[in-house]
Amino acid sequence: MTSTTTAPFMPPPSWLSRFLRGLRGERTGMLGFVLVTLIVLAAIFAPWLSPYDPTAIMTGPPLAPPSSAHWLGTDNLGRDLFSRVLAGGRVAMLVAAAALSAALTLGVALGLLAGLGPRWLDNLLLLIFDAIRSFPVIVFGLAVVTLVGPSLFTVVLVVAITSVPIYARIIRTQAQSLRSAEFVLAERAMGASLPRLLGIHVLPNVLGPLLILASMDVPLVIATEAGLSFLGMGVRPPTPSWGVILNDGYNFIRNSPWPVVAGSVPIVLVTLGFTFLGEALRDIFDPRLQKAN
Amino acid sequence: MITYAFQRLLLSALIVAVAMSLLIVMLHVVPGDPATMILGPRATPELIAQTRAEMGLDQPLPIQVLDFFGRVLRGDLGTDVFTGRAVGDIVFGQLPYTLVLIAVSIAWSAALGILLGCYSALRAGTWLDTLAGIVSVGTLSIPAFVMSLYAVLIFAVGLGWLPAIGAGEGVVDGLVHLILPAFAIGISWVGYVARMVRASMLEVMSAPHVRMGRAFGLTQARIVRSYILRIAVQPAVTLLGTGVVHLFSAAVFVEVIFARPGIGALIVSSVNERNYPIVLGAVLVTTVIIVLATLVSDLVVALLDPRQRDAL
């Protein structure tokens, strides 16, 4: 005899539950998620977690190896490396957040213009994107520094500008394909305005893959910031940044390996964490993005 | 094929033109004035005005852009602000070092990467494959300049096996001095190339024409050589073409860390001096080389696989 009761209505799973459930199947993804969470928390709570002031000199003997007083040792001015690494993490996360949000916003705007606007505008924008992409990021950054001078803002500007073409191209392709999609034509036949079309129909389809790609770009952004700061073109002293720590370490590399280790390990961990997390996100939410590269 | 080559050539020239124009335009949109930067905070307004006139900064923007290109086409890349030497001489004097470094890095990493990728694909699923995969991901996560620092730390400072400073005298010494820098630049590419070649080989290995070949009794070696390799290598070539951009970035760091001569080191030192003409000239030359490299790699890909000649 069949049951006459109907199953209770189950709302479709939210993104969070899909993510958590999918994560269970991806071991590297879980590792990435844990790493990223730890890094973000460490960045947010850096001032409370640092045993010393990151800019205070001579808190201990210079270039000392790790000890119970200084978990990662000290640099050439006696500053505690662990505190500096935490503070550097803050800078790195800040640059990543600022630069990527700027790049995403501008990329989405320009991509929509290119995809939905007139043909000549599309060609012009594509040309500009290709031109930007043929600059090595560092060379572009150095050129900008010549004009503007080194600062945190310069780094954010450089990273944002060089990331815009990537996102804009993706949005452009999506916008072009949606332009002639049936549901869009139907909406327009019913008199939907452009903002409504964009906001409710185009953007939600497009933002998901974009955010996943952005999370996979974080390692590159952080490496660029560290690189520019290493060359003295980025964050100004006394603000610590992983690149600045590495530069100090490089200058004293024959005296002690610890500053170099202290500056480089966070970079590698961040790269691994965000790469694994990004790949897991992509596998869970949009396996179509999986390509050979 | 010829028309495709022409089209790409034209596009490349256009890209270089746009890139340089962007740079010059940025000069005006962005706050800060090169003349003030060069002269420093104690410069008088008259001195600034005079320097600006000398550098041609007081002319309207389109004139400046055209002027720059006019001079470039005549072979004049400007003159160094401090020493008065021609920028072209300085830049082209340093260029060979960078080119050698990049060429050697590409050569060894492409060779090893393709070999590793092929091997991984043909022995997919074995422990060797998994090991290669882990090593690839590991080396991918380490930026070139971090790798250089570790190379110096381990091989030069720690073990003392290899030199860490300069480019060396003569061919043999030069090559020895190239070992660590080329290793640092190439190591992350080996992983990248290997992964790509492995993925595309696996794709091609299950394609119909390959299965036909096996059905007809061709040996594995023959199939790999004549059919699979051509197509599988293609993403690696594209990768290296577009990767020249990243390679240049890596070269900048490597030249600074290993105190080698080259365009990267030149740009960094000129930026520190705010030597605007050299920066502009060096960036122009770099951009031209990169665009040329991308062009060549696209043409090689089109040669290997005619299906890839897409419309512009």
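Helix α6 (residues 127-140) of chain B packs against α8(B) at an angle of about 135°. The axes of these two helices are 8 Å apart. That angle makes α6(B) oblique to α8(B). The model is predicted. Chain B has 12 helices and 0 strands, and several of its helix pairs are described below.

**α6(B) against α8(B)**

- Two packed helices are described by the angle between their axes and the distance between the axes.
- The crossing of α6(B) and α8(B) is left-handed.
- On the α6(B) side, the contact uses B:Ala132, B:Val135, B:Ser136, B:Val137, B:Thr139 and B:Leu140.
- On the α8(B) side, these residues meet B:Ile187, B:Ser188, B:Val190, B:Gly191, B:Tyr192, B:Ala194 and B:Arg195.
- Sorted by class, the contact of α6(B) with α8(B) has 8 nonpolar, 4 polar and 1 charged residues.

**α5(B) against α8(B)**

- Helix α5 (residues 87-122) of chain B also packs with α8(B), at an angle of about 35°.
- Here the axes of α5(B) and α8(B) are 6 Å apart.
- The crossing of α5(B) past α8(B) is right-handed.
- The classes in this contact are 22 nonpolar, 6 polar and 2 charged residues.

**α5(B) against α11(B)**

- α5(B) has a contact with α11(B) too, and their axes come within 7 Å.
- The two axes cross at roughly 130°, which makes α5(B) oblique to α11(B).
- From α5(B), the residues in this contact are B:Val91, B:Gln94, B:Leu95 and B:Thr98.
- From α11(B), they are B:Ile263, B:Gly264 and B:Leu266.
- By class, the contact of α5(B) with α11(B) holds 4 nonpolar, 3 polar and no charged residues.

**Chain B as a whole**

- Along the sequence, chain B reads α-α-α-α-α-α-α-α-α-α-α-α.
- Chain B has 312 residues, and 40% of them count as buried.
- Take the contacts in chain B between residues at least 6 apart in sequence: 73% of these join residues at least 24 apart.

**Where chain B touches chain A**

- In this interface, 46 residues of chain B are in contact with 36 residues of chain A.
- Six helices of chain B each supply at least two residues of the side that touches chain A: α1 (2-29), α7 (144-158), α8 (170-205), α10 (220-257), α11 (263-273) and α12 (276-304).
- The largest share of that side of chain B, 10 residues, comes from α10(B).
- The side of chain B that touches chain A divides into 37 nonpolar, 8 polar and 1 charged residues.

**The largest nonpolar core**

- The largest nonpolar core has 155 residues.
- The members that touch the most other members are A:Val139, B:Val193, B:Ala236, B:Val254 and B:Ile267.
- α10(B) gives the most to this core, with 18 residues.
- A:Val139 touches B:Phe248, B:Val252, B:Ile267, B:Val283 and B:Thr286, leaving aside residues up to four places away in sequence.
- Both A:Val139 and its contact B:Ile267 are among the core members that touch the most others.

**Residues to find in the structure**

- A:Ile128 lies in helix α5 (residues 119-133) of chain A.
- Is A:Ile128 buried or exposed? A:Ile128 is buried, because 20 other C-beta atoms lie within 10 Å.
- A:Ile128 and A:Ser229 are 101 residues apart in sequence. Their C-alpha atoms are 27 Å apart in space.
- A:Leu63 has a positive phi of about 55°, although it is not a glycine.
- A:Leu63 sits in the loop between α3 (46-49) and α4 (81-116) of chain A.
- A:Leu63 counts as buried, because it has 20 C-beta neighbours inside 10 Å.
- B:Ala259 has a positive phi as well, near 50°, and is a residue other than glycine.
- Where is B:Ala259 found? B:Ala259 is in the loop between α10 and α11 of chain B.
- B:Ala259 counts as exposed, because it has 11 C-beta neighbours inside 10 Å.

Definitions and conventions:
Residues numbered from 1 in each chain as written. Chains lettered and ligands numbered in written order. Predicted model: local features only at pLDDT ≥ 70, side-chain atom pairs only at ≥ 80, totals over all residues. Contact = placed C-beta atoms within 7 Å. Helix = DSSP H or I, 4+ residues; strand = E, 2+ residues; numbered from the N terminus. Nonpolar A, V, L, I, M, F, W, Y, C, P; charged D, E, K, R; others polar. Core = buried A, V, L, I, M, F, W, Y, C linked by C-beta atoms within 7 Å. Buried ≥ 20, exposed ≤ 12 C-beta atoms within 10 Å, placed from the backbone. Axes fitted to C-alpha atoms, helices over the stretch in contact; angles between N-to-C directions. Parallel < 35°, antiparallel > 145°, perpendicular 65-115°, else oblique. Left-handed = near helix turned anticlockwise from the far one by under 90°.
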